[in-house]
Amino acid sequence: MDKEANVGKRIRAYREKLDMSIYDLSQKCGVDEKIINSIEKGEVLPALGVLTKISRALGQRLGTFMDDQYKPDPIITRAEDIKTDDGKNEFGYTSHSLALGKPDRHMDPFRIEFDADGVDHVSSHEGEELIICTAGEIELTYGNEKSILKPGDSAYYNSVVKHGLKAVGGKPASIYGVVFMPF
């Protein structure tokens, strides 16, 4: 089963467990009903900001919808196992969880690959984020400010402020990011 179907099935299961309709979930998280429906059908893999809003509305951490199985500590992700060519979302990036199988985690670490000159998109959610640029150039929009991050640069910020990331300079880019959302 593909990643999109797994995520969609888990969202539907938690939503139904709470006896929520798609409309109810949409109202609670601020994500359009059509998008939630497409996610639940496995037609689309949601962007991290969208998945964050849905997970919070369902009272779950982000990883609940991304984990495939339990693995004992330490969780090691080999560079050659990071797939950057699947699961691209509508904003032109792919994300790969670096903590799949760790159900008791308090942070969600990711490797994220951006297409060249990505899409402007901002979102906000509870918690904090740390990002580290590893390749290319990333434009961070944070509130009304824009900053360019180059390889080795990092940014740590409160994610309740509207924020967004995209590759700039005509080349793809990549980051490592860690999202922390308190319960």
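So, Asp19: at 70% relative accessibility it counts as exposed, where exposed means over 50% relative accessible area, buried under 20%, and partly exposed in between, with a 1.4 Å probe and protein chains only. Before I go on, this is a predicted model, where local features need pLDDT of at least 70, side-chain atom pairs count only at pLDDT 80 or more, and totals for chains, interfaces and linings use all residues. Residues are numbered from 1 along each chain as its sequence is written, and side-chain values use heavy atoms, with hydrogens and water left out.

Back to Asp19. It sits in the loop between α1 (3-17) and α2; helices here are DSSP runs of H or I, at least four residues, and strands are E, at least two, numbered from the N terminus. The phi of Asp19 is near 55°, a positive value in a residue other than glycine. Most residues other than glycine have a negative phi.

Next, helix α2, residues 22-29. How does α2 pack against α4? The angle is about 110°, with the axes 9 Å apart. For the record, axes are lines fitted to C-alpha atoms, for helices over the stretch in contact, and angles run from 0 to 180 degrees between N-to-C directions. The two helices are therefore roughly perpendicular, the label for 65 to 115 degrees; under 35 is roughly parallel, over 145 roughly antiparallel, and the rest oblique.

Who's touching whom? Leu25, Lys28 and Cys29 from α2 meet Lys53, Ile54 and Ala57 from α4, contact being heavy atoms within 4.5 Å. By class, that's four nonpolar residues, two charged and no polar.

Now α4 itself. Nine of its 10 residues are buried, so the rest of the structure largely encloses it. Among the buried ones are Leu48, Thr52, Ile54 and Arg56. After α4 comes Gly59, with a positive phi near 75°.

The largest nonpolar core has 38 residues; the term covers buried Ala, Val, Leu, Ile, Met, Phe, Trp, Tyr and Cys residues joined through side-chain atoms within 4.5 Å. α4, residues 48-57, gives the most to this core, with five residues. Ile54 is one of those with the most contacts inside the core. Leaving aside neighbours within four places in sequence, Ile54 is in contact with Ile11, Leu25, Cys29, Val31, Ile36 and Ile39.

Last, cysteines. Cys29 counts as buried at 10% relative accessibility, and Cys133 is buried too, at 1%.

Note on methods. Nonpolar A, V, L, I, M, F, W, Y, C, P; charged D, E, K, R; others polar.
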